[in-house]
Amino acid sequence: MRRTLARLTAALLLSALAGCVGLTSLEAPEVRVTSLQMLDPAPGSLEQRFAVGLRLINPNNRDIPVDGIDFELALNDRRLAHGVTSDGFELPRLGEAETVVVVTTSVFDVLRQALDLAGRPDAPMDYRLHGRLHVGSGFLRSIPFDHRGRLVP
């Protein structure tokens with residue numbers, strides 16, 4: 001009887017651990033910038049806001065319920081903006097979803113970027129987008145992502 005109870009307990013523990021491993025073994029979704037639109041600044045503000053369009057691609061064979069995103073966006077290896085949103089959506093298995101996040105940066109960071117691009121207005125802009133998708137369920141609380149790409153004017 002004791003041996004049966006010990007085996008049952010061990011089997012339950014192994015099942016629980018296998019479930020945890022399955023939840024944390026997700027491949028990071030690819031997150032790409034699809035658009036970057038400057039929004040009108042508030043009068044006298046030292047901040048600039050942008051609407052950043054994102055496409056998220058899920059390579060996993062399970063849906064990911066996203067309940068928030070936080071990320072940093074760099075253009076040409078210089079930090080441009082930080083963005084957060086608590087807007088939730090479902091990222092379908094082996095599929096994609098799109099969202100728009102309003103980000104904030106300082107006017108000085110925008111001016112620095114503008115000066116870098118002034119001599120080459122038609123040149124493509126390399127970007128790096130890195131952050132986390134917040135899923136807030138079970139053992140898996142967030143999924144990190146890091147993507148480099150190019151925006152062509």
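**A salt-bridge network and the nonpolar core**

Glu72, Arg79, Asp109 and Arg112 are linked in a network of salt bridges. The model is a predicted one, and it holds 10 salt bridges.

Asp109 lies in helix H2, which spans residues 107–118. Its side chain makes a polar contact of 2.7 Å with the side chain of Arg112, and a polar contact of 3.5 Å joins it to the side chain of Thr105. When residues up to four places away in sequence are not counted, Asp109 touches Arg79 and Leu80.

Two further salt bridges were examined. Asp77 and Arg148 meet through their side chains at 4.0 Å, N to O. This pair links distant parts of the chain, 71 residues apart: Asp77 is in the loop between S4 and strand S5 (78–85), and Arg148 is in strand S9 (residues 140–151). Asp77 counts as exposed at 73% relative accessibility, and Arg148 is likewise exposed, with a relative accessible area of 54%. In the other salt bridge, the closest N and O atoms of Glu30 and Arg32 are 2.4 Å apart. Glu30 is partly exposed, its relative accessible area being 28%, and Arg32 is also partly exposed, at 34% relative accessibility.

The overall fold provides the setting for these interactions. The chain has 2 helices and 9 strands, arranged along the sequence in the pattern α-β-β-β-β-β-β-β-α-β-β. Of its 153 residues, 33% count as buried. Among contacts between residues at least 6 apart in sequence, 64% join residues at least 24 apart. The accessible surface of the chain comes to about 9,500 Å², and carbon and sulfur atoms account for 56% of this area.

In soluble globular proteins, nonpolar side chains tend to be buried together. The largest nonpolar core of the model contains 31 residues, of which Leu54, Ile69, Phe71 and Leu129 touch the most other members. Strand S8 (residues 125–137) supplies the largest share of this core, with 5 residues.

Phe71 is found in strand S4 (residues 68–75) and is buried, with a relative accessible area of 1%. Beyond its neighbours up to four places away in sequence, Phe71 touches Leu54, Ala81, His82, Gly83, Val101, Val103, Leu129, His130, Gly131 and Phe145. The C-alpha atoms of Phe71 and Thr85, which are 14 residues apart along the chain, are separated by 9.4 Å. For Leu129, with neighbours within four places in sequence left aside, the contacts include Val31, Val33, Leu54, Phe71, Leu73 and Phe145.

Leu46 is placed in the loop between strand S1 (30–38) and strand S2 (47–57), and it counts as exposed because its relative accessibility is 56%, over the 50% limit.

Conventions: Residues are numbered from 1 along each chain as its sequence is written. This is a predicted model: local features need pLDDT of at least 70, side-chain atom pairs count only at pLDDT 80 or more; totals for chains, interfaces and linings use all residues. Side-chain values use heavy atoms; hydrogens and water are left out. Helices (H or I, at least four residues) and strands (E, at least two) are DSSP runs, numbered from the N terminus. A polar contact is a pair of N or O atoms within 3.5 Å; within protein, one must be able to donate a hydrogen and the other to accept it, and residues adjacent in sequence count only if both atoms are side-chain atoms. Contact means heavy atoms within 4.5 Å. A nonpolar core is a set of buried Ala, Val, Leu, Ile, Met, Phe, Trp, Tyr and Cys residues joined through side-chain atoms within 4.5 Å. Buried means under 20% relative accessible area, exposed over 50%, partly exposed in between (1.4 Å probe, protein chains only). Accessible areas come from the Shrake-Rupley method with a 1.4 Å probe; for residues, only the protein chains shown count as cover.
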